[in-house]
Structures are given as C-alpha cells and as structure tokens.
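Good morning, and thank you for coming. Please look at the sequence and the structure on the screen while I take you through the strands, the disulfide and the pockets.

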Amino acid sequence: MAAPPTPPPPAPAPQRPAGAPRWLLPAAIGVIAGLLIGFTAGWFGFRSHLTASMNAAVEEVEADLAGATPLEETGPVEEEEGVPAGPPAADSPDDGLFEYTATGSERKTTYNDSECGQTYRAEGEFIVIGLKAENVGSAPGMPAVSMGEVTAYDTAGAAYSTFDDICSFTEEVNPGGSTDYEVVIEAPEGTEFAVLELAGYEAPGIAVIGVEE
C-alpha cells in the first residue's frame with residue numbers, strides 16, 4: 001500500500017513592501033491641501049485689503065477735489081514779480097534831522113543850472129520840485145538834495161533819482177532854521193510823481209512826503 005502524499009509547505013506571510021510608510025501619503029496630501037487653503041485665503045484677504053485701500057484713496061481724492069476752490073473763483077494775482085505795487089505812503093515828513101515840505105513843482109524841457117553855468121535839455125522833461133527843509137535836530141546840517149538822497153516815485157510806484165549833471169546845493173542850516181531849494185528829476189513826458197523819499201547824508205531815518213503839482 002502506497003504512502004499518503006506529503007502536503008505542500010505553507011505559503012510565506014506577505015511582506016510589507018519597502019519604501020515610505022503608508023501614513024506619509026495622506027499626510028502629504030493634507031499638508032498640500034492646507035497650503036492651498038491658506039494661500040487662497042491669504043490671496044482673497046490681500047485682494048480685499050487692496051480693494052479697500054484703493055477705494056479709500058479714491059474717496060480722499062474726490063473729497064480734495066470737492067473742497068478745492070474753482071479756478072474762476074481764485075481771482076487775479078494782486079502783484080506780479082518785478083512789477084511795483086505802488087508808491088510808498090507819504091506818512092513820515094522828517095528823516096530825523098530835517099522836516100520836509102514840498103512847495104510845488106513845474107515841468108520844463110530845458111533847465112538852466114545857474115550854479116554851474118550850464119543849460120541842459122531833457123530827453124523827456126525835467127520836473128522841478130520846490131522843497132522847504134526845517135532843521136529839527138540838535139546840530140547844524142544839510143538837507144537831502146543830491147542823487148542817492150532824494151528819490152521820486154510816480155503813481156505806479158516806479159522810482160526816479162535826481163538829475164546828476166545839475167549842480168545841486170543847499171546851505172547848512174542850524175537847529176530851528178529852515179531853507180528853500182529845489183531838486184530836478186528827468187522823466188518821460190507826462191510822468192506824474194506821487195511822493196518823494198528824502199534822507200540826508202547823516203540822517204538816521206527816511207522822510208516820505210507828497211508832491212504838489
């Protein structure tokens with residue numbers, strides 16, 4: 001009688017494949033999903049912040065434009081650069097040494113300088129202004145008469161100096177005394193003077209007086 005057949009050996013237990021553990025893939029997927037969610041949330045948050053900032057800027061510009069004065073309401077510029085604003089005010093009759101008064105003026109096309117024996121012809125006209133100067137100081141002195149001491153201003157505020165070629169003289173005046181003299185200014189024909197500025201050589205101040213025609 002034959003022997004019964006030998007049963008086959010049991011199959012070996014399945015082995016776990018080598019490599020990354022099974023939990024790593026779900027974890028990686030979770031990390032990637034979290035990053036995507038965070039990025040998406042951050043992008044939408046940034047976009048909301050950017051939109052709010054732009055809206056605020058637009059509202060601020062609109063408010064500035066609404067509060068600005070229209071161009072037609074600003075009015076003209078009162079004084080342009082280099083253009084005189086007008087003559088100074090005739091509000092100080094003495095320069096600290098003399099008190100001045102204008103006694104009148106006349107216009108001439110020629111002027112006879114009797115002091116130096118010369119006759120001059122004006123390119124425009126000579127305006128001869130008579131002055132009275134009273135010494136209000138405490139020492140003898142000479143009133144303003146020459147170029148640099150006398151300046152005339154027309155009604156628009158333009159300044160004119162005395163005619164330098166003419167021999168302008170005044171006498172020395174004691175305190176309490178006075179003298180009458182004249183100054184000569186060359187100007188375009190028809191010029192109207194409004195005020196005179198006078199400051200003697202040793203005067204501490206400046207006198208500004210009106211001019212009489």
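Let me begin with a definition: two strands are said to pair if DSSP finds at least two bridges between them. Strands themselves are DSSP runs (E, at least two residues), numbered from the N terminus, while helices are runs of H or I with at least four residues. What we have is a predicted model, in which local features need pLDDT of at least 70 and side-chain atom pairs count only at pLDDT 80 or more, whereas totals for chains, interfaces and linings use all residues. Residues are numbered from 1 along each chain as its sequence is written, and side-chain values use heavy atoms, with hydrogens and water left out.

With those terms in hand, consider β2 and β5, which pair in the antiparallel sense over 10 bridges. In this pairing V128 has V184 in β5 as its bridge partner. Strand β2 (residues 118-135) also pairs with β1, again antiparallel, over 14 bridges. There, F98 has N135 in β2 as its bridge partner. The hairpin of β1 and β2 has four residues between the strands, and G117 in it takes a positive phi near 70 degrees. As a general point, strands of a sheet pair through backbone hydrogen bonds, either parallel or antiparallel.

How many disulfides does a search of the whole structure find? It finds one, a disulfide being a pair of cysteine sulfur atoms within 2.5 Å. The disulfide joins C116 to C167, with 1.6 Å from S to S. The link of C116 and C167 is left-handed, with -110 degrees about the S-S bond. C116 lies in the loop between β1 and β2, and C167 in the loop between β4 and β5, so the pair ties together parts that are 51 residues apart in sequence. C116 counts as partly exposed, because its relative accessibility is 34%. The scale is as follows: buried means under 20% relative accessible area, exposed means over 50%, and partly exposed is in between, with a 1.4 Å probe and protein chains only.

I turn now to an open sheet of four strands, in the order β4-β3-β6-β7, with antiparallel pairing. β4 (159-161) and β7 (207-210) stand at the edges with a single partner strand each, so one side of each is left without a neighbour in the sheet. Strand β3 (residues 150-154) pairs with β4 over three bridges, and Y153 stands opposite A159 in β4. β3 and β6 pair over five bridges, with L198 in β6 as the bridge partner of V150. Four bridges then join β6 to β7, where L198 stands opposite A207. Five of the six residues of strand β6 (residues 193-198) are buried, so β6 is largely enclosed by the rest of the structure.

Finally, the pockets. A pocket is found on a 1 Å grid over the protein atoms alone, as an open set of points with protein on both sides within 12 Å along at least five of seven lines; lining residues have an atom within 4 Å of a point. A volume is the space filled by probe spheres set on the points, which are joined across faces, edges and corners. The largest pocket holds about 210 Å³ of space. It is lined by 16 residues, and the closest to its centre are G141, M142, P143, E149 and Y201. The second largest pocket has a volume of about 150 Å³, and among its lining residues are Y111, C167 and V184. The elements that give two or more residues to this second lining are β1 (98-113) and β5 (178-187).

How values were computed:
On a 1 Å grid over the protein atoms alone, a cavity is a set of points where a 1.4 Å probe fits but cannot get out, and a pocket is an open set with protein on both sides within 12 Å along at least five of seven lines; lining residues have an atom within 4 Å of a point.
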